[in-house]
Amino acid sequence: MWPEPSALALLLLLGGWAAVDGTSVGQLLISRPLFAATLAGWAVGAPEQGLLVGVVLEALHLGVLPVGASRYPESGPPAVVAGAAYALAAPASAALLGAVAFALLYERVAGASVHQLRQWNRRLVALHGRTQLSASELQRRHLGALALDALRGVLLTALGLAVLPPLLRVAYPGAAGLGAGASLLAVAAVAALLGACVHLFADRLRIYLVGAAVGLLVVWIA
Amino acid sequence: MSESLPRALRVRVLMRSMLVQGSWNYETLLGTGFAFALLPMLRRSLDDEEEVSRALARHAELFNSHPYLATLALGAVARLEAERTPEQVTTRFKNALRGSLGALGDQLFWRSWRPFCLAFGLALALAAAPWWLVLGTVFVVYNAGHLWARVWGLRTGYGAGLEVGRVIREAPLPRLGQRIGDLGALAAGIATALAVGLGEAPAEMALLAAAAAAGIVLGGRTRPAAGIVIGAAALLAALLERT
């Protein structure tokens, strides 16, 4: 039900990394659900299960744009939690829906923590009209804010991992059960979200349909 | 004045630029991070630590940019500081640059490059590629573009100085954004078809195709609708497990 201690340590590190990768450091895609969930699955020995969660959550996040100072759900640590929890619960396929549903709710909590962090950062870096700022003080404040973000990610991951794995075990004790239906629903959601992407790419419907034709050709040949 | 920075200094600034949003907040946005990333270049150009301290306080004020294009501003401002440009000129320059770097970066990266790469990754995953191939390919392709932008930005900004606005306007960036958007739509279409192809019977494939069509029609409402359906199905599945 719960990950081994070594896997847990990896997951907490991954959660911290996914948190800072979202805004503070690099933005190299580790915070994206496709990466965070798959790597979480890998940490507990089932990367393919993590990838399933990652695909569904990534499709849900394609249209979420971090533009300006908007507030948006944070996907990184919740995807780590969902990917790991589903990998531990598999092969209960219906647990995939439970893991994704939990991640969608938990992203709101994570997003609220980002908002709070930014309020703390404002106080941490405020100069109150000072005209000099030493290099050491600047670096201390800046890196301190970054460390706080990493800690936030670790705590979010820890809390999520304390809740979701036992929840999935209780909610979906059966192995096969509604597996086929759950899988079909998940794929349908991904298909719908990919369809909605045409608007993300400025309504390039013709090019989208050309892509769909190419994809169908691949399916037919394979 | 040399048109380029020493390699070691460029590397240090590029590494620091990766942390430029480390203290992002609603008041100064990435101002503190900007000063943090600029520090090595200020130490190279200015006479003593007191001058550096005054420059850091100035540059820690309100500033914003897309994180990948912040190096354009960093390079340009480093050039202005090295040329001992009056503070008011540098401040006005930064204010003028702020909006355009944010909007340009959002359009190029958050609305085009990243969704294209991720849609491509989804297509690979739906085509049953190994998980390590999916992540490895997307990571390398995406960050090649991302890191190119940072490196180009620093070199261009430092070379152009005050003229960087003109250089940005003349660069074929909008056309590049258009082409990436085309690729993104193509990748999304391929991924959709691959998702539909996962149906094990004609009836399932028809259902999946209908879901894709519903997504096209619903547009931005698809995400909340999908969330509600998934949540309801998860609850229903949990209840049915008990009967």
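Visitor: Which residue forms a salt bridge with R152(A), and how far apart are the closest N and O atoms?
Guide: In this predicted model, R152(A) pairs with E74(A), and their closest N and O atoms are 2.7 Å apart.

Visitor: Where do the two partners sit in the chain?
Guide: They link distant parts of it, being 78 residues apart. R152(A) belongs to helix α6 of chain A, while E74(A) is in the loop between α3 (47-61) and α4 (76-89) of that chain.

Visitor: Are R152(A) and E74(A) buried or exposed?
Guide: Both R152(A) and E74(A) are buried.

Visitor: What about a pair between chains: which residue does E27(B) meet in a salt bridge?
Guide: The side chain of E27(B) meets that of R122(A), with an N to O distance of 3.7 Å.

Visitor: How accessible is E27(B), and how accessible is R122(A)?
Guide: E27(B) has a relative accessible area of 48% and is partly exposed. R122(A) is partly exposed as well, with 31%.

Visitor: And D182(B), which residue is its partner?
Guide: D182(B) forms a salt bridge with R179(B), where the closest N and O atoms are 3.2 Å apart. The two residues lie in helix α8 (residues 173-196) of chain B, three residues apart, which is about one turn of the helix. D182(B) counts as buried because its relative accessibility is 19%, under the 20% cut-off. R179(B), at 47%, counts as partly exposed.

Visitor: Which residues do salt bridges with shared partners join into one network?
Guide: The network consists of E74(A), D149(A) and R152(A).

Visitor: How many salt bridges are there over all chains?
Guide: The count comes to 18 salt bridges over all chains.

Visitor: Changing topic, how many disulfides does a search of the whole structure find?
Guide: The search finds zero disulfides over all chains. C197(A), for example, is in none, and the nearest cysteine sulfur, in C117(B), is 13 Å away.

Visitor: Which residues form the nonpolar patch on the surface?
Guide: W120(A), L148(A), L151(A) and L155(A) form it, with about 390 Å² of accessible area together. Helix α6 (residues 135-171) of chain A gives the most to this patch, with three residues. One residue of that helix is L148(A), which counts as partly exposed at 31% relative accessibility.

Visitor: Now chain B as a whole: how many helices and strands are there?
Guide: Chain B has ten helices and zero strands. Its radius of gyration is 23 Å, well over the 18 Å that the globule rule gives for 243 residues, so chain B is more spread out than a compact globule. Along the principal axes, its C-alpha trace spans about 75 × 40 × 30 Å. Of its 243 residues, 56% count as buried.

Visitor: Where is confidence lowest and highest in chain B?
Guide: The lowest is in helix α7 (residues 164-170) of chain B, at a mean of 90, and the highest is in helix α6 (residues 131-160) of chain B, at 97. Chain B averages a pLDDT of 93, and 99% of the residues score at least 70.

Visitor: What does the model score for ipTM and pTM?
Guide: The ipTM is 0.94 and the pTM is 0.95.

Terms used. Residues numbered from 1 in each chain as written. Chains lettered and ligands numbered in written order. Predicted model: local features only at pLDDT ≥ 70, side-chain atom pairs only at ≥ 80, totals over all residues. Heavy atoms only, no water. Patch = residues over 30% accessible without salt bridge, like charges linked within 9 Å, V, L, I, M, F, W, Y side chains within 5 Å. Areas by Shrake-Rupley, 256 points an atom, 1.4 Å probe, with all protein chains shown as cover. Salt bridge = Lys/Arg side-chain N within 4 Å of Asp/Glu carboxyl O. Helix = DSSP H or I, 4+ residues; strand = E, 2+ residues; numbered from the N terminus. Buried < 20%, exposed > 50% of the residue type's maximum accessible area, 1.4 Å probe, protein only. pLDDT = per-residue confidence, 0-100. Disulfide = S-S within 2.5 Å. Rg over C-alpha atoms; globule rule 2.2 N^0.38 Å.
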